[in-house]
Amino acid sequence: MAHLDRRRFLQLGALAAGSTVLTACGAGSTAAPAPVGPTGTAATGEITVWSWQGPAAMMKALVPDFTKEFPGIKVDVQDIGNPAIWDKITSGLAAGGQGLGDVLHIGVDYLPAYIEKFPGGLADLVPLGADKHKGKFAQGMWETVSRDGKVYALPWEANSAGFYYRADLFEKAGVDVEALRTWDEVIEAGIKLKEKTGVQLIGIDKPASVGDSAGFFQTLLQLQDSFYFDMQGNITLDTPQAITAMTIIKKLNDAGLVADTAGGWNAMISSIKKGAVAVQAMPTWFGGIIEETVPGEKGKWKVRLPPAVTPGGKVSATVNSTHLAVANTSKAKAAAFAFAEYVLTRPESQVKIYKEKGIAPALLAAYDDPVFHEESAFFSGQKKGEIFLDALKQPSYVTNYTADYSRALKAVTDAQSKVLLKGADPATVLKEAADLIAQQTGRTVLR
Amino acid sequence: MSTVVSERATAGASAKTPRRVRRPGTKAAPYLFVLPALALFAVFKLYPIAWSFWLSLFRTDGALQSFAGTANYERLLRDPLFWTALRNTGVILVVQVPLMLAIAIGLAVAFGSALLRFRAFIRLGFFLPMVTGLVAYGVLFAVLLNPQSGLVNWFLGLAGIPAVPWLADTLWARIALGLALTWHYTGYNAVIFLSRLQALPRDHYDAAAVDGANAWKRFRHVTLPGLRPVVLLTLVMSTIGTLQLFDEPYVLTNGGPDNSTLTLGLYLYNNGFKFFDFGYASAIAYALAVIIGFLGIVQFRFLGDKS
């Protein structure tokens with residue numbers, strides 16, 4: 001029963017935290033008493049922005065210039081941390097929006113659940129003028145943030161699937177990575193690489209020790225225009241596409257090419273530092289992380305789009321995105337929207353963020369900046385920005401995460417653990433996972 | 001505490017005033033004193049408990065609620081993950097709790113022994129894990145048990161034992177969880193046992209010694225029976241704690257691999273805060289409360305004071 005209390009406590013805690021934030025804002029407003037009405041105006045208001053690590057730092061850096069343009073708006077950017085931010089937003093929404101920040105940074109994997117399960121929790125941005133930005137973003141982005149004629153967020157990042165690799169190691173093994181067409185060829189190359197250099201191909205958190213260890217599996221699905229759910233919300237984990245994706249993972253593992261990065265993020269970073277794996281099958285933003293992690297390996301790394309799953313298949317996929325939403329309970333919605341607009345729809349802001357943190361914008365106009373077309377010294381003189389821009393321009397499959405994504409993700413990571421740790425059969429574990437999700441959510445399995 | 005307050009209040013009142021004359025308000029005073037505590041209890045305990053029961057009768061999709069009657073409870077019976085969580089929790093209860101309490105009794109006897117030097121320091125050492133923060137504790141064990149660079153595997157390596165996949169294997173993850181729990185709570189229980197040991201009358205031991213009982217017989221026939229009330233106390237508390245177990249699997253294993261360390265507490269949390277299914281989470285909470293109540297009654301029956 002203490003857990004009931006814990007849960008209520010968290011909710012009450014969120015309330016308390018919220019009122020503290022409000023009081024804090026109130027205390028700071030003595031110098032310039034800005035009239036803050038229930039709706040606020042674009043020119044005035046005090047807003048709190050919730051984000052995490054890198055993006056939070058970049059938004060903080062944009063605040064001084066923003067304040068010059070909007071002197072009536074006071075912005076407080078808070079680094080809530082990821083994944084802590086999801087629990088905090090959930091508690092806030094469950095408490096009827098009490099204590100939420102005004103601007104909320106939300107990943108595409110959480111957005112549908114927030115929209116569906118907490119109707120009215122996030123503000124509709126259309127009345128604030130969101131529609132005028134509709135055509136400015138990469139393909140599919142507007143669909144991911146809007147529903148039933150309402151727009152719940154402005155797109156920020158659009159991450160394409162990437163394939164970062166240690167060019168020096170593959171060279172030593174005599175493998176031409178650019179020539180690899182399919183993942184089956186990658187497995188062959190990986191075996192060669194391991195024989196010659198002793199280095200494993202990729203890393204996966206095999207026991208799913210920190211939750212999200214399915215990024216690679218999802219990429220393989222999305223390269224086949226497939227996902228856990230179809231557009232109608234049916235479960236599509238039992239499809240040939242899903243079985244093919246999991247089979248690739250099993251083949252890699254059976255060949256001894258998968259390093260276990262149990263422990264999540266830190267373990268993965270240390271595997272890069274140690275040079276334990278040769279490939280990072282990670283999205284656009286990860287390039288910045290590699291540069292930060294092993295600055296000494298400048299010129300040793302290269303990047304390309306991932307090989308296709310089946311011969312002649314797709315090599316581009318928009319694998320995830322993040323967005324800025326406005327809380328419906330915000331007392332300064334217009335001011336909050338003005339800040340989101342400033343960060344996301346001005347190419348200058350996005351270029352600055354890309355330069356510092358390598359976060360790829362969904363805003364297409366940003367890509368006119370030369371920074372996206374420069375040769376990257378770290379990535380062996382490649383034009384990294386252009387490689388991902390090409391992927392972003394390809395027809396993109398819109399992923400339906402649905403409100404039950406987190407349940408599905410749990411079932412999928414458990415299935416993957418069974419394959420990686422016990423050598424289970426991909427088709428069997430995926431069928432079990434699909435059935436479990438159906439039992440828990442009442443959705444239909446498409447077979 | 002409330003009884004102490006009320007006794008004192010009436011004693012004081014009757015000392016100063018004649019018996020038959022009561023000053024108005026004297027009777028109300030104790031109630032006034034306990035009122036703040038009662039109010040807090042009502043707001044922070046009773047209300048959430050009642051509200052959670054109400055919630056458990058609804059199908060909740062985040063903020064959307066529709067009355068579902070007993071559907072959540074029926075769903076529990078058919079949910080394979082609920083049974084997995086219940087089984088995992090049961091295994092910990094049956095294996096880890098008796099082991100921990102046995103070690104705690106041993107430690108308590110050692111703490112009380114005149115032969116032990118630096119007693120205060122050693123007692124502190126065993127009790128200290130109890131006050132370690134959740135995150136520090138989790139990080140500590142994650143570092144110690146890291147399969148590649150962990151200290152535990154390093155020591156095992158020195159002894160020629162191959163590296164153990166502490167958190168990556170279904171069996172070893174359970175063992176790792178048990179080790180962490182034992183480290184955390186044994187000292188706490190030992191201190192409770194020790195306080196009882198120190199309250200045991202010396203003459204029982206003297207009498208036993210006169211009768212020619214050796215150390216083992218004294219332990220078996222004097223110490224253990226004397227400890228019975230606190231054995232019941234620690235057993236009931238450990239049972240409740242184990243059934244509600246959340247922190248350790250959350251930080252160490254995230255319930256994995258493949259749900260081998262998923263506990264009822266963690267499953268409840270996941271349903272509420274990861275899957276936004278508050279109604280179902282509440283049903284789990286009530287199922288948990290019923291199980292705890294049942295086990296509590298059983299334990300009192302078998303170990304309770306028979307006098």
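**Close-up 1. Asn259(B) sits in the loop between helix 11 (247-252) and helix 12 (264-274) of chain B.** In this predicted model, Asn259(B) has a positive phi of about 65°.

**Close-up 2. A cis peptide bond joins Asn82(A) to Pro83(A).** Omega for this bond is near 20°. Where does Pro83(A) have its place? Pro83(A) belongs to the loop between strand 2 (73-79) and helix 3 (84-94) of chain A.

**Close-up 3. Helix 8 (residues 170-199) and helix 10 (residues 215-243), both of chain B, pack with their axes 9 Å apart.** The angle between these two helices is about 150°, and the crossing of helix 8 of chain B past helix 10 of chain B is right-handed. Helix 8 of chain B brings Tyr188(B), Asn189(B), Ile192(B), Phe193(B), Arg196(B) and Leu197(B) to the contact. Among the residues they meet in helix 10 of chain B are Thr223(B), Gly226(B), Leu227(B), Pro229(B) and Met237(B). Sorted by class, the residues of this contact are ten nonpolar, five polar and one charged.

**Close-up 4. The largest cavity of the structure has a volume of about 110 Å³.** Rolling a probe the size of a water molecule over the atoms shows where empty space is left. Searching the whole structure turns up six cavities of 30 Å³ or more. The largest cavity is lined by 14 residues, and the closest to its centre are Met141(A), Thr144(A), Thr318(A), Tyr397(A) and Thr399(A). Two elements of chain A give two or more residues to this lining: helix 5 (141-145) and strand 12 (318-326). Which element gives the most to the lining? Strand 12 of chain A does, with four residues. The lining has six nonpolar and eight polar residues, and no charged ones.

**Close-up 5. Chain B carries stretches that UniProt lists as "transmembrane region".** The entry is unreviewed, and it names residues 28-50, 90-112, 124-145, 226-246 and 278-298 of chain B. How far apart do the end C-alpha atoms of residues 28-50 of chain B lie? They are 28 Å apart, and the span is 100% helix and 0% strand. For residues 90-112 of chain B, the end C-alpha atoms lie 33 Å apart, and this span too is 100% helix and 0% strand.

Technical notes: Residues numbered from 1 in each chain as written. Chains lettered and ligands numbered in written order. Predicted model: local features only at pLDDT ≥ 70, side-chain atom pairs only at ≥ 80, totals over all residues. Heavy atoms only, no water. Axes fitted to C-alpha atoms, helices over the stretch in contact; angles between N-to-C directions. Left-handed = near helix turned anticlockwise from the far one by under 90°. Contact = heavy atoms within 4.5 Å. Nonpolar A, V, L, I, M, F, W, Y, C, P; charged D, E, K, R; others polar. 1 Å grid on protein atoms, 1.4 Å probe; cavity = no way out; pocket = protein on both sides within 12 Å on 5 of 7 lines; lining within 4 Å. Points joined across faces, edges and corners; volume = space filled by probe spheres on them. UniProt positions renumbered as here; feature names shortened; annotations may be inferred.
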